[in-house]
Amino acid sequence: MAEVLGKACRDASNTSQSKPSDRFWLGRLAPSRIAAVSGRDNRLDRLEPCEIGFRFQPSGPPPWNLDLEAEFCLWQKGRDKTWRKIEPVSFRETFQIDGKKSLVQLAKDRFDEALQGLTNEIGLHCELRVTTEHTVEGKPILSVTLVNSSDPDDTGDVDPRFYEACLRLHGFSGDPFSLEALEDAFRYDRTVAAYGINCGVVLEGGALCTEDAPTVQKMRPNYWGAPGGPPDMSFASLAQDPVAPAQALADAHRDWGTGAWSQERLEARGRSEQWTPEMQHAAKRGADQFWEEQERIRSGVRCLREDPHLNHAFRMMSEAMSIIGSRRGYNRWRPFQFGFLLANIGCIANPSEEANIADIVWFATGGGKTETYLGLLITAAFYDRLRGKAAGITAWSRFPLRLLSLQQMQRFADAMAAAELVRRRENIVGYPFSIGFLVGDGATPNRIRRPEQDRNSKYDPDDPTLGNRFRMLKSCPFCGSERIKVRFDTASWTLQHRCSNDSCGWPERGLPFHIVDEEVFRFLPTIVVGTLDKAASIGMQQAMRGLVGAPRGLCSCPNHGFTYNPNSSARAGCLVPECTGEPKSLPFPGEYFPPSFRLQDELHLLRDSLGAVDGHYEAVLDGLQEELTGKRAKILASSATLSGYEKQCRVLYRRAARVFPQPGPSPQEGFWSTPSSHAMRRFVALAPRGATIEFAVDRLVAELQIAIRRLTANPGSLCEEIGIDPGYADFLLSQYGTTTVYGSTLRDLDAVSRSSTTQLVGVEGPVNSVSLTGRTQFDEVARTLDSLEKLDEGKPFEERIHLITASSMMSHGVDVDRLNVMIVLGLPLTTAEFIQATARVGRKWPALVLVVHKMGRERDAGVFRSFPKFVEQGDRFVEPIPITSRSRRVLERTIPGLEMARLLHVHAPTFEGRFTTVKAVQHSLEVGEVEVQAEIDALIRYLEFDPASESEHIEDISDALDRYFGRLGSPSMRPIDWFGAVWSPKPMNSLRDVEEQVTVHLKRDA
């Protein structure tokens, strides 16, 4: 890092063939006249500053003695046109400031004398400035700066800019500032010693110093914070007896809390840290939440001890996790994972008691949240089989991004395969455990038909390229082999992933993995994984009924699966085209079918209009499931923030919210985790001076690649230079040879990609670049991740991936241990995105994160001035989730889909024939099977609108349904067949379908 950043402000040889201002973009000060020409625009001052310094609150009254030291360098061009660095200008003196003047200019003559003696150049000037101001309470604040007050002549032989500039205040004594962006909190210290002015600031040996690159180190967590060691949480032990380790964990949790959360301990801290009454109340609430967590864990222990089915399911889950862990290199739970399972296991056996609470797991990215969820879901799946649910969905897991992570998909498939091996070994009755991938067109097919079966079909089963386009598994979830082929099987009408490894433990032809929407509906896999957008299909697709209730029947033809309502292409409701079978009765009670759980990954992304729309669809999912089966699904979620989660869950799910694990009394003290002495990520803030952010990023990429290529050319020399055994050279090359540039806009990322092929000065050989953005095709993402994980199958460095340009699609679920260097091109729009994006690096080995701020933006500039606190307490900077359920505009767009869902899933199954026609619905109205007022009341009940405060919303629902059902009988509707076409506006196809669609016509030249 030192070498890379050093090149941004100096040259080791002290000479340069090009002008220094064309090369160096850190540590430099422009002449003040340049800023004066700009009209003293603060934004432009940040881009090309003429001063650096610090702002602080002095201790005690004036006068104040300031022991100041300043240093900078100049560059001069010789007769041979070579630029050379002149010896540094260095100055140190103590000044007394009485505070009577608001502005004091110091040492100008001393600096002018030194500058004249070095260069004989007229017009170079420098000074120290001390500005005094006062807070509202009258507290004095001093701003001390080193100022380049030179004339702006930039054509002579001396560059008027100052380079490698720094300022120090020795013997610093000051009262800290409290960050205004953060509230007082008993857990955190929100004070800073001083603020930097156009730079960072750091306290070193009692001196306050400016720094060009504010740096903060985040340490890897220890996953145990109590005295002594954790209980035995190995999968092998839990497969034999989970009760004893669970009891030991509960006891350790209780004993630790008795000390850490005691009233005496909190009162002592309150006195020493001068807590406000609000902080004292928050600390008491924190203690209460800890003991609530303790009771939940103990309740889980009781469930394991008293419920034999749950105990058996948990032991089988532990066996499955042992199979998964043996492939991935772990053999036990971390304490917080085991604790989460105990705290939530009761919702499996007693779903009605827990359904009104949304449980959120909040833990550092990379801690193992996905595996934690999977442990709970596998337990629930086994419990379902033991209680008689032989098929059907146990959990529906949704991701908010349109491009679902293939790595997450593989994790879910591996988990279900391991569970299936255990199920067969234990002779547990029921259908095989399976996975469904519910994403839809653009990633996977909605349906597959021959052209003669459907002239609008996009996917022909006889197309020989069909399988190659839709391989979603990297490896076989049963044996780990990568010999996966995708073939269409006409007998079962399924698009199958097949393992060609002869020793694979799966005995059947196609793996239990379904990626076509209709297959998901036909087979109702144990866990359905997909994108959040697909929830809108509940109002468009009658076969979605299997996600809220029971299907209509089971097809008599082998391997055709479950049936639904008849339609024009499915006479008996079977989704296999041209099926001649008849529906049989269901193999077990219908109320067993719907999911026990709905999971929401990255809850914090459900915001604004997306969150508001999803809240309405979550209401209809709950309402339908409760109406059809008498119970609602349990909501589980993960989030990057605790900011506003209670309100968000009320809006989205109409449930109270609960978090696990509860944070400890301070960042350094916790039961579930504490900071270790091992580095995880080093964050460095950079503010380019006199250069574009594109230039700065190009130079960083170039210097990083130059440094890593030095390692390939002469590993012994470089390893000796940095003090590392040369035997680790190949390891360093593999772990740090790929640079990721993360940006918020495609335009910025495109510029980086172009530069990698044309403008990386000094880099020998090609820079191989790939892109991971929302427009990257699914198969290309898979190839890129595969190449990164395999190190390009042992290819030489010159043929590997050197540069990744990535957008927000990478910030969720991309887990590659080899990604350990990241450049963040401008702060992401939200703090949550910053946290998630930077968590993609340093997952196993220490990482470097270079954050290049766009200083023209107020937010970037504000974060830069307190960057260490921003990183250390990032979760507290996460913005509250903007979300509301009261938008009438959103309601206008969702009403058609909500009512369509009722017609499709409540009324259609009771209709003898095809229900989805205008004529059929009109008939149901006439005979009283559908009543308009009952439909209005149902939607109001689902959405829980209050007649007193939300009467306008209720009127909107009433008016919309009156218009719709009134139009059904209109003569103008007679030519229309499908009853959904009567709506205006039309039902939503996607949850992101909030704004009206505009048709764009392209005019062609004649």
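Predicted model: local features only at pLDDT ≥ 70, side-chain atom pairs only at ≥ 80, totals over all residues.
User: Through which helix does the chain cross from β33 to β34?

Analyst: The crossover is of the β-α-β kind, and it is right-handed. The helix on the way from β33 to β34 covers residues 831-838 and is α24.

User: And which residue stands opposite Ala-847 in β34?

Analyst: Strand β29 (residues 674-686) runs parallel to β34, and six bridges join them. Ala-847 points the same way from β34 as Val-849 and Val-851, and all of these are buried. The residue opposite Ala-847 is Arg-681.

User: Are the rings of Phe-186 and Trp-275 stacked or edge-to-face?

Analyst: A pair of aromatic rings is described by the distance of the centres and the angle of the planes. For Phe-186 and Trp-275 the centres are 5.7 Å apart. Planes over 60 degrees apart count as edge-to-face. The planes here stand at 65°, so the pair is edge-to-face.

User: Is Tyr-330 buried or partly exposed?

Analyst: Tyr-330 forms an aromatic pair with Phe-235, 6.1 Å centre to centre. Phe-235 is buried, with a relative accessible area of 1%. Buried means under 20%. Tyr-330 has 25% relative accessibility, so Tyr-330 counts as partly exposed.

User: Over which ring does the charged end of Arg-865 sit?

Analyst: The charged end of Arg-865 is 3.9 Å from the ring centre.

Terms used: Residues numbered from 1 in each chain as written. Heavy atoms only, no water. Buried < 20%, exposed > 50% of the residue type's maximum accessible area, 1.4 Å probe, protein only. Helix = DSSP H or I, 4+ residues; strand = E, 2+ residues; numbered from the N terminus. Pairing = 2+ DSSP bridges. Right-handed = clockwise from strand over helix to strand, strands pointing away. Phe/Tyr/Trp six-rings, centres within 6.5 Å; stacked < 30°, edge-to-face > 60°. Lys NZ or Arg CZ within 6 Å of the ring centre and 35° of its normal.
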